[in-house]
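Open the model in a viewer and keep the selection tool at hand. Each stop below says what to select and what is found there.

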Amino acid sequence: MTQLLEQLRHRARASGASLVLPEGDDPRILEAAAQAPAAGLGQPAVVGDPAAVQALAQEHGIPVSFPILDPRDDEDQPALAAYLGRRLAAKKRPPEEIAALALEPLHYACLLVATGRYDGAVMGARATTAETLRAALRCVGPRPGLKTVSSCFLMVLPDGRGLIYSDCAVVPDPSPAQLADIATAAAQSCRDLLGTEPQVAMLSFSTHGSAQHPLVKRVLEGVEELQRRQVDFAFDGELQADAALVPDVGRRKAPNSTVAGQANVLVFPNLDAGNIAYKLTQRLAGARAVGPLLQGLDRPVHDLSRGCSTADVLDAMAVAAVQRRRA
């Protein structure tokens, strides 16, 4: 494990966060729950039918030392359903549908986080990103001041440096306002995951007017939106990737920029660019990609790849722990 990930785990241990894992029908989740205490991640709760979880754990030789939550036996179900009903009031869903959603494991776990019973949730070993995001939006919702929930990857380079890549998994074709939301959420992800102040580069195939195109204009409008919001982090754009990351190139292409050559947060103009970039960095540069991690939510709910390993689950749990509600 790199020093950066070791530091993340150390901060997670110090947080004392309580976590819930709703996919008790997956052995990787049970293995992560069993390993969590030794990893310093406390004792997460697993959601599922207790008999089925016990049987699956026994089948895979996993000791069950963690609590198992059955939504059907939770005496707070009426209150949870009422909370969800208030959140979905504008949708005018019938009460029986709301009650059914509150029993569904992903929604149940998100409701436990939204109402403060747990500090964070990790899911997606079996559920799709769309299913995870839907439950998180219905139960938790965006952080105040943001309308867009997006994602990031923590990219840990072979030399130990860390970068935040965003958005690589959620918003396909962001508008300027969405780019500003993504940048704002990614800046907080940088503070949470890297423990340092963000230097946000709004990426394009142009640097400070070197090319004229509607796609460049959209990034510029995102930069202008950040300026209007008077955000509390350093940012610049539009910047090409080399101008954002390489000091010599940054000085030549953007000599008056305080971000060029120093960026630790890369905001991509669309999902094509972000997804391709993180996979190339992972496969060709040998970087460790932690994510996709949801960002911009009011409380931490994190998505997993369905191809995740137990180690990936533990990494996402560490991220959720360090992001326990700050307000």
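This is a predicted model: local features need pLDDT of at least 70, side-chain atom pairs count only at pLDDT 80 or more; totals for chains, interfaces and linings use all residues.

Residues are numbered from 1 along each chain as its sequence is written, and side-chain values use heavy atoms, with hydrogens and water left out.

**Stop one: the parallel sheet**

Colour by secondary structure. Helices (H or I, at least four residues) and strands (E, at least two) are DSSP runs, numbered from the N terminus. Two strands count as paired if DSSP finds at least two bridges between them. Select β3, β2, β1, β4 and β11: in that order these 5 strands form an open sheet with parallel pairing. The edges are β3 (68-69) and β11 (301-303); each has a single partner strand, so one side of each is left without a neighbour in the sheet.

Now select β4, residues 120-123, which pairs with β11 in the parallel sense over 3 bridges. Within this pair, A121 has V301 of β11 as its bridge partner.

Contact here means heavy atoms within 4.5 Å. Axes are lines fitted to C-alpha atoms, for helices over the stretch in contact, with angles from 0 to 180 degrees between N-to-C directions.

**Stop two: the mixed sheet**

Select β8, β7, β9, β6, β5 and β10. These 6 strands form an open sheet in that order, with mixed pairing. Its edge strands, β8 (234-239) and β10 (288-295), each pair on one side only. From one strand to the next, the twist averages 20 degrees.

Which way do the residues of β6 point? G162, I164 and S166 point one way, L163 and Y165 the other, and all are buried. Buried means under 20% relative accessible area, exposed over 50%, and partly exposed in between (1.4 Å probe, protein chains only). Because 5 of the 5 residues of β6 are buried, the strand is largely enclosed by the rest of the structure.

On one side, β6 (residues 162-166) pairs with β9 (residues 265-267) in the parallel sense over 3 bridges. Y165 stands opposite L266 in β9, and S166 has V267 as its bridge partner. β6 also pairs with β5, here in the antiparallel sense over 4 bridges, and V156 stands opposite G162. The hairpin of β5 and β6 has 5 residues between the strands, and G160 in this hairpin takes a positive phi near 95 degrees.

Next select α8, residues 176-194, which lies across β5 (150-156), β6, β7, β9 and β10, at about 155 degrees to β6.

**Stop three: T207**

Find T207 in the loop between β7 (199-203) and α9 (214-229). T207 is buried, with a relative accessible area of 5%. Leaving out residues up to four places away in sequence, T207 touches E238, L239, Q240, A243, K253 and A254.

**Stop four: L280**

Select L280 in helix α12, residues 271-285. L280 counts as partly exposed, at 46% relative accessibility.
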